Amino acid sequence: MAAYNANGGSRSRSILSALAASEMLDARSKLPAELLVAVLDYLPVADQMRVARTSRRLQEMVYEDPRWVSRLKSMGCWDEREARQRFEDAVRRRREQAAAQAATQNGANKPATTTLFDASAEEQRRKRATSELRDGFETMTVGGPAAAATSITSTTPEGQAVYLEVFKNAKSIRGGARQEYGKIYGALAPFYFDVVKAKTHAEPIVFKAFRDPETQAQMLSNLHKFAKSDWSSGCVAREAKLDSMIRIFESAVMREFEQGYEFWDVDGRMRRFGHVLHALNGAKSAIDVFIRKHPILNDTDMNFNPIECINRGQGADDVSLTPSQHFFERLLLKVNEQAGVIERIFPAAEGIFWEFVDKVREDIIVEYTTPLFDECHDRSLAMYLKAVSGVFEQTMRFFRSLKAPGATEEKTREMAKTMTLRVFEPHLDLYLQEELEYFTKQAEDSVAQWEKKLSEQDSSIESYFMSNINRSAEKKDFLSSFRKVVMMPVTALPGMGFSSTSTHGSAAATPMPSRPETPSMGRDSPIPGAKAPTDELAAKAAIMASKLEGIKSLCSIEVALSLVQAAKTSLGRASLLIPLGGQVGGEAKEQCSTIFVVLLRILGQRHVKHGFDLAVGHLSHYNPRDVSHSDKTGVAPLVTFIELVNVGDLISQMIDVFYEQQLATPKIADRNDFLDPANMAKKKFEQMLDESVAAGLNKGIDVLMDEVEYLQATTQAPTDYNPLPAAPTEKTASILGGLDIGPTPTARRIVELVSGHTSMLVGTTEKSMLDVFNGEVGQRLFTAICKHLKRQRVSIDGAIKLIADMNLYFEYVRTLRIQDLLPYFRALRELSQIYLIDPAHAKEMATVIADGDRFGGVFRAEEVYEYAQRRADWYQVKKDVERAMYGMDCCVM
């Protein structure tokens, strides 16, 4: 009993230990999952199916969907978008089905649910018997390649299509990638391994199962694609063996294609075997032969001489583009004719056509344009620039006119840019550099030529006027020369040449708008029969008159127009490259902006600013006392300077129009980008012009006020404000005949002079600058009137004239519409009233003088007292006025 228990106990312990040992063996794998995955990747597909049957874990690893998705992706037959769409459609159908089932439940109160994943169903699927598993390779033929070949040859073309279109029929289904790959593997694997084992090109079953070249090429292409999913050991050797078979087949087809090419059998052998090669590998070899041996490359009709463009030019710097136009027109006809031929031979005709065009570009167009550009560059820079821009436009038009088979208009434009860029890429850097340098040199030469003409005219005028002067004799007696200069009367000096009433007199009275032409560049040359001055002072006065007359020719619209036209020509040529886009288009746009910047620099600094500086210098030497004023109604140098301002304003408008049309509208420059070089240069030019005009107007104001003071000193008679006492009979007659209470002729001339010059600027300068100019003129006129009044003697009878003059000045200043000036001239009107007070009312006069509010703070009492001293009867009323002002009537008791 004890033994039995002992034996029974030992048997039970051995069973438990065996179970424990088996449980320990199954509990843990010897290798990590990463290594198992790597091992599975290098196993053949058939071996992976066998490994999947060893255990559940390995089955899950073999059957996981990403493993087979990666193989489908390697063959290019997995579409992630399609897989996602299919998955979303499946989920939606499940939800709709669940909702329909819930709606049919009778009396069910629990809410309907949607089952997206059923764990029990998945568990039952895993527990299916191993014998029922097909592993997703249901189409595999057990009989091997020979049996597959027999079955294929005995089937209809529809049956062969299953093998030929196996990749087209593949679907992208998440969770079903293994089944889809299995279909492809079952259809192509037997042929693939048979080709690898074949020793000669006659052994592979694929050539026996598929008889015609079209289906053989399609199957070889399918096998080549299938080989990309072969990752097992020896895959490289197998793929190399398949490639060798494909090359043998391709060589045989190419021989047939070349024979058809020799006889130009387009619709026969060339078309058939071109399609065969396209199905095999895209017909790369056939395309290469077609393009490389094409007759157009050796066509004698295309033997144009590019030098003919130079020979037909009209001058040394001209080139004719008519021969090049004929060249491109004939080439266009031939290339478009070949487009139809290519479409008849090859299925994908569009890409092949552009390859053909690229070969034409390399062997025909480049060979024509390069010698032309090199020869033009060696002969003349202007010829080179014209040739490059003209041929560029012809080339772009040529490529855009091509009729590519099946190509859209957008595609044609894009390819035209690409082809044109390839033609001109070696020349673009040099062309853009030469374009800028050519324009810069042309602009500088134009301005230099203008300056040279002015300098020559100055020299000729000076030499003419100084021709009769014996300088050595003049230097012997310096005091005598000085005495002559000082004592010579003003009227003995020659006129300044601006006394024409019809021209400048009307200009002084009415505003002068901007004129479309520049005054004549040539200053009034000395009359051939006229006698030159015989003294130095007269000669220098004549020279200054000539300079002042020529002040308006220092800045020329013609020169500005020539520079703008040259810039437009250069910018128009360079802007042709902008549509190419990319780096080249950006460089062309930048070069166009640089041309505009150079235009403003040369036109502004070398011409406009230089002219204004010279004009201001000439104005600074103007002295109204050296000029005859017998028939003048305006200041000649200021009138001509305002004409120069008109010229500068017109040039500024030309630049604005040029900027808008040539840069802003084509979007070469952004008018809203303040950092754009073109915008910065334009603002700098406008600022320079405003500063030059302001400097000239400032000097012009000095000249205008000198003229005003000169008129006050020479035309204001002492009896205007202090008339002689009239006899009783004359006084009675004047009362009966009416008193002359209007302003004096001097005041009228001054107002006419100043208003004429201020009105000239209306419409030619900005309102802000015009207001500043008018304000300064008003201030300076006020000062001149005050100085002039301190030099006069004003009687009670003459006070009426003075009051009329002050009213005239006030009314003129009111027309300027500058409110800050009105208090000054209103104060002058009040100041003129003190001269009308009768001497018997000295105490009231003192009250007026001491009343500071009466003059609006413009004059202090001391200043009014100083003006009151200019009364003709001041010494009669002085004692009474001072007694009233300073309290001298009071006495201390």
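1. The accessible surface of the protein chain comes to about 47000 Å², with 53% of this belonging to carbon and sulfur atoms (Shrake-Rupley method, 1.4 Å probe). Of the chain's 893 residues, 44% count as buried, meaning under 20% relative accessible area.

2. A word on the source: this is a predicted model, where local features need pLDDT of at least 70, side-chain atom pairs count only at pLDDT 80 or more, and totals for chains, interfaces and linings use all residues. Residues are numbered from 1 along each chain as its sequence is written, and side-chain values use heavy atoms, leaving out hydrogens and water.

3. Now the fold: the protein chain has 37 helices and zero strands (DSSP runs, H or I of at least four residues for helices, E of at least two for strands). Among its contacts (heavy atoms within 4.5 Å) with a separation of 6 or more, 79% join residues 24 or more positions apart.

4. D65, W68, V69, R71 and L72 of α5 meet A177, R178, E180, Y181 and I184 of α10. These residues divide into six nonpolar, no polar and four charged.

5. Please also look at Y63, found in helix α4 (residues 56–63). Y63 counts as buried because its relative accessibility is 17%. Y63 and R178 are 115 residues apart in sequence, yet 7.0 Å apart in space, C-alpha to C-alpha.

Definitions and conventions
Ala, Val, Leu, Ile, Met, Phe, Trp, Tyr, Cys and Pro count as nonpolar, Asp, Glu, Lys and Arg as charged, and the others, Gly among them, as polar. Buried means under 20% relative accessible area, exposed over 50%, partly exposed in between (1.4 Å probe, protein chains only).
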